[in-house]
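Thanks for coming. I will take one structure today and go through it piece by piece, beginning with a single residue.

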Amino acid sequence: MKRPILTSLMLLWATSAIAHSPLEATVPANEAILAEVPSEIVFDFKGNIRLTRVTMAHAVHEADLDLDGFSGFLSDYTIPMQSMGAGTYQIEWRGLGDDGHPMKGTFSFTVEE
């Protein structure tokens, strides 16, 4: 009796683990130190996701990045950004995996001009 229950639990865990599309990489990389402000940021997800909001915070300023050019579910996003000068940039993102699960995350980078 224990074996079927254990097997069922393992299959359920495995199914939920592969259902999401984790963020594999960003450009700039998390905690990177740059000589100049990038003109865009890149998200590389393991699977498809629909980004619903990307916010950039720097010092006392915060701005939503423009996602109007994207529709549907994608695995790669290249989003233009505007310079706010030297300092630390915090990028927060939210989206939906293609399985409908909400996803979110953050990364940061520092510009030393």
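Ser39 counts as exposed because its relative accessibility is 54%. On that scale, buried means under 20% relative accessible area, exposed over 50%, and partly exposed in between, with a 1.4 Å probe and protein chains only. Before I go on, the sources: this is a predicted model, where local features need pLDDT of at least 70, side-chain atom pairs count only at pLDDT 80 or more, and totals for chains, interfaces and linings use all residues. Residues are numbered from 1 along each chain as its sequence is written, and side-chain values use heavy atoms, with hydrogens and water left out.

Back to Ser39, which sits in the loop between β2 (32–34) and β3. Leaving aside neighbours within four places in sequence, Ser39 is in contact with Pro80 and Met81, contact meaning heavy atoms within 4.5 Å. Ser39 and Pro80 are 41 residues apart in sequence, yet their C-alpha atoms are 5.9 Å apart in space.

Now the chain as a whole. It has one helix and seven strands, in the order α-β-β-β-β-β-β-β from the N terminus. Helices (H or I, at least four residues) and strands (E, at least two) are DSSP runs, numbered from the N terminus. Of the 113 residues, 29% count as buried. Among contacts between residues at least 6 apart in sequence, 62% join residues at least 24 apart.

Is Ser21 buried or exposed? Ser21 counts as buried, because its relative accessibility is 3%. Beyond four places in sequence, its contacts are Phe45, Lys46, Gly47, Asn48, Asp98 and Met103. A polar atom of the Ser21 side chain lies 3.1 Å from the backbone oxygen of Asn48.

Next, the core. In soluble globular proteins, nonpolar side chains tend to be buried together. A nonpolar core here is a set of buried Ala, Val, Leu, Ile, Met, Phe, Trp, Tyr and Cys residues joined through side-chain atoms within 4.5 Å. The largest one has 21 residues, and those with the most contacts inside it are Ile41, Phe43, Leu51, Val54, Ile79 and Phe109. Two or more residues each come from β3 (40–58), β5 (74–80), β6 (87–97) and β7 (102–111). The largest share, seven residues, is from β3. Leu51 touches residues including Phe43, Leu67, Ile79 and Trp93.

On to the aromatics. Rings of Phe, Tyr and Trp (its six-membered ring) pair if their centres lie within 6.5 Å; planes under 30 degrees apart count as stacked, over 60 as edge-to-face and the rest as tilted. The structure holds seven such pairs. One of them is Phe45 with Tyr77, edge-to-face at 6.4 Å centre to centre and 85° between the planes. This pair links distant parts of the chain, with Phe45 in strand β3 and Tyr77 in strand β5, 32 residues apart. Phe45 is buried, at 2% relative accessible area, and Tyr77 is buried at 1%.

Last, the charged residues. A salt bridge is a side-chain nitrogen of Lys or Arg within 4 Å of a carboxyl oxygen of Asp or Glu, and by this rule there are two. Arg53 and Asp64 meet at 3.1 Å, N to O. Arg53 belongs to strand β3 and Asp64 to strand β4 (residues 61–64). Glu92 pairs with Arg94, the closest N and O atoms being 3.3 Å apart. Glu92 is partly exposed because its relative accessible area is 34%, and Arg94 is partly exposed at 37%.

Terms used: Polar contact = N/O pair within 3.5 Å; in protein donor to acceptor, adjacent residues only side chain to side chain.
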